[in-house]
Amino acid sequence: MEPDLHPRLAAEIAARRDDLIALTQDLIRIPTLNPPGRHYREICDYLSDRLSARGFVTALVRAEGAPGDSETWPRWNMVARREGSAPGDCVHFNSHHDVVEVGHGWTREPFGGELDGDRIYGRGACDMKGGLAASIIAAEAFIATCPDFTGAIEISATADEESGGYGGVAYLAGQGWFDPDRVQHVIIPEPLHKDRICLGHRGVWWAEVETKGRIAHGSMPFLGDSAIRHMGAVLEEIEHRLYPHLSTKRTAMPVVPEGARQSTLNINSIHGGEAEAEPGFTGLPAPCVADRCRIVLDRRFLIEEALPEVKAEMTSLLDGLKSSRPGFDYTIRDLFEVQPTMTERAAPVVRSTAAAIEKVLGQGADFVVSPGTYDQKHIDRIGRLKNCIAYGPGLLHLAHQPDEWVGVQDMQDSALVMALVLADLLAPAAR
Ligand SMILES: [Zn+2]
């Protein structure tokens with residue numbers, strides 16, 4: 001990189017402060033709620049208009065046939081590409097444009113984009129319209145500073161990250177948009193904060209376990225067989241054998257928070273016996289022995305664990321009960337699975353971002369791994385692209401909360417980090 005690029009990029013980004021604020025506010029004011037997937041086309045059109053006015057070639061891609069896609073709620077995505085003056089690497093910034101429901105407890109207008117001091121408030125401010133805006137400002141400032149850059153810059157805004165990403169990054173990856181021969185570096189500006197590089201995430205396995213019973217009159221339970229009591233035995237095994245075992249499985253992945261640096265299991269729900277009464281029904285329940293009981297398990301696993309071994313842990317527990325407990329029978333059904341992923345610290349995008357953080361903040365970057373998954377899973381598995389990180393402004397604990405906000409200074413600092421990454425990877429003098 002030319003030695004004087006850092007101050008010039010810093011000046012370009014500082015000069016764009018009002019633009020950055022207005023852009024973030026505009027994005028928040030388009031209420032892209034998911035579910036069901038509102039205003040996706042509108043936000044894609046907005047971004048396409050902005051970026052095509054600045055020399056990007058843009059494409060609107062509908063994830064036809066993806067889960068959730070319908071004529072009423074089409075899953076729209078936007079991809080913009082700006083070619084440099086000569087062939088070279090492509091750096092891609094991927095942000096999801098959907099936001100989760102508002103929920104209760106707000107003291108600000110959820111879609112108002114209110115600026116108060118250094119903070120911009122609104123649903124999606126931190127997760128992750130602030131990151132999207134910062135990456136756009138970073139790219140625009142870099143292009144103004146180095147109009148003769150080599151390679152290409154891409155910016156995408158994708159659907160449905162909050163519901164698995166199948167109508168967004170997974171669809172685009174399946175169509176080849178993240179193939180390593182067209183994209184070489186990916187930054188996902190999720191709110192991990194300006195001094196942290198997120199290398200990946202743990203794995204996920206969701207499954208539903210059902211125990212079987214036999215219905216009978218509740219006054220003579222001995223004539224039936226209670227699926228709820230059988231499930232009680234399952235929970236007992238989980239409590240006294242599985243949880244202690246999981247807590248011994250530690251990972252070398254730098255997962256934050258610290259409590260997630262091991263295998264974890266959550267029991268998402270339990271349902272047994274007769275269904276809950278309809279709202280408005282004022283009668284009593286009927287006396288019946290429960291003939292079925294179901295739980296949904298959410299197991300998060302480590303890069304050191306293999307998924308078949310994770311599943312076998314649960315089935316061997318259930319099979320043990322089947323042989324020791326009279327009348328016990330079960331079924332287990334897979335609901336969802338994601339492999340863990342972790343980008344190497346030596347990967348070019350990691351090294352470049354770490355060096356930029358050091359320049360901008362005067363301190364070394366923290367390397368972290370996310371306890372939950374995000375769209376990197378699709379870029380890794382479907383796109384086969386390993387050189388990918390999450391890096392962006394915003395405090396992770398504010399995501400999905402009431403009065404969510406993003407800091408303007410944090411957005412500016414991380415935009416400068418992203419612009420320096422572009423300068424490092426795409427400016428001719430850098431090579
Ligand atoms: Zn997010």
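This is a predicted model: local features need pLDDT of at least 70, side-chain atom pairs count only at pLDDT 80 or more; totals for chains, interfaces and linings use all residues.

1. Histidine 96 belongs to strand S3 (residues 86-96) and aspartate 127 to helix H4 (residues 125-145), so the pair ties together parts of the chain that are 31 residues apart in sequence. Both histidine 96 and aspartate 127 are buried.

2. The largest pocket. The space in the largest pocket comes to about 530 Å³. Its lining comprises 23 residues, and those nearest the centre are Glu161, Glu162, Gly372, Thr373 and Tyr374. Sorted by class, the lining of this pocket holds nine nonpolar, eight polar and six charged residues.

3. Aromatic pairs. The count of aromatic pairs is three. In one of them, the ring centres of tryptophan 206 and phenylalanine 336 are 5.0 Å apart and the planes stand at 50°, so the pair is tilted. This pair links distant parts of the chain, since tryptophan 206 is in strand S9 (residues 203-212) and phenylalanine 336 in strand S12 (residues 330-338), 130 residues apart. Tryptophan 206 is partly exposed, at a relative accessible area of 30%.

4. A further aromatic pair. Phenylalanine 328 and tyrosine 330 also form a tilted pair, with 6.2 Å from centre to centre and 40° between the planes. Phenylalanine 328 has a relative accessible area of 4% and is therefore buried. Tyrosine 330, with a value of 14%, is likewise buried, because the class takes in residues under 20%.

5. Alanine 139. Helix H4 contains alanine 139, which counts as buried at 0% relative accessibility. Which separations describe alanine 139 and glutamate 154, in sequence and in space? The two are 15 residues apart in sequence, and their C-alpha atoms are 8.9 Å apart in space.

6. Phenylalanine 149. The loop between H4 and strand S6 (150-158) holds phenylalanine 149. This residue counts as buried, with 0% relative accessibility. Phenylalanine 149 and leucine 425 are 276 residues apart in sequence, while the C-alpha to C-alpha distance is 9.5 Å.

7. How many cavities of 30 Å³ or more does a search of the whole structure find? The search finds one, and the largest cavity has a volume of about 30 Å³. The residues that line the largest cavity are Trp205, Leu242, Leu265, Arg299, Val310, Glu313 and Met314. Helix H7 (residues 307-324) gives the most to this lining, with three residues. By class, the lining of the largest cavity has five nonpolar and two charged residues, and no polar ones.

How values were computed: Residues are numbered from 1 along each chain as its sequence is written. Side-chain values use heavy atoms; hydrogens and water are left out. Helices (H or I, at least four residues) and strands (E, at least two) are DSSP runs, numbered from the N terminus. Buried means under 20% relative accessible area, exposed over 50%, partly exposed in between (1.4 Å probe, protein chains only). On a 1 Å grid over the protein atoms alone, a cavity is a set of points where a 1.4 Å probe fits but cannot get out, and a pocket is an open set with protein on both sides within 12 Å along at least five of seven lines; lining residues have an atom within 4 Å of a point. Grid points are joined across faces, edges and corners, and a volume is the space filled by probe spheres set on the points. Ala, Val, Leu, Ile, Met, Phe, Trp, Tyr, Cys and Pro count as nonpolar, Asp, Glu, Lys and Arg as charged, and the others, Gly among them, as polar. Rings of Phe, Tyr and Trp (its six-membered ring) pair if their centres lie within 6.5 Å; planes under 30 degrees apart count as stacked, over 60 as edge-to-face and the rest as tilted.
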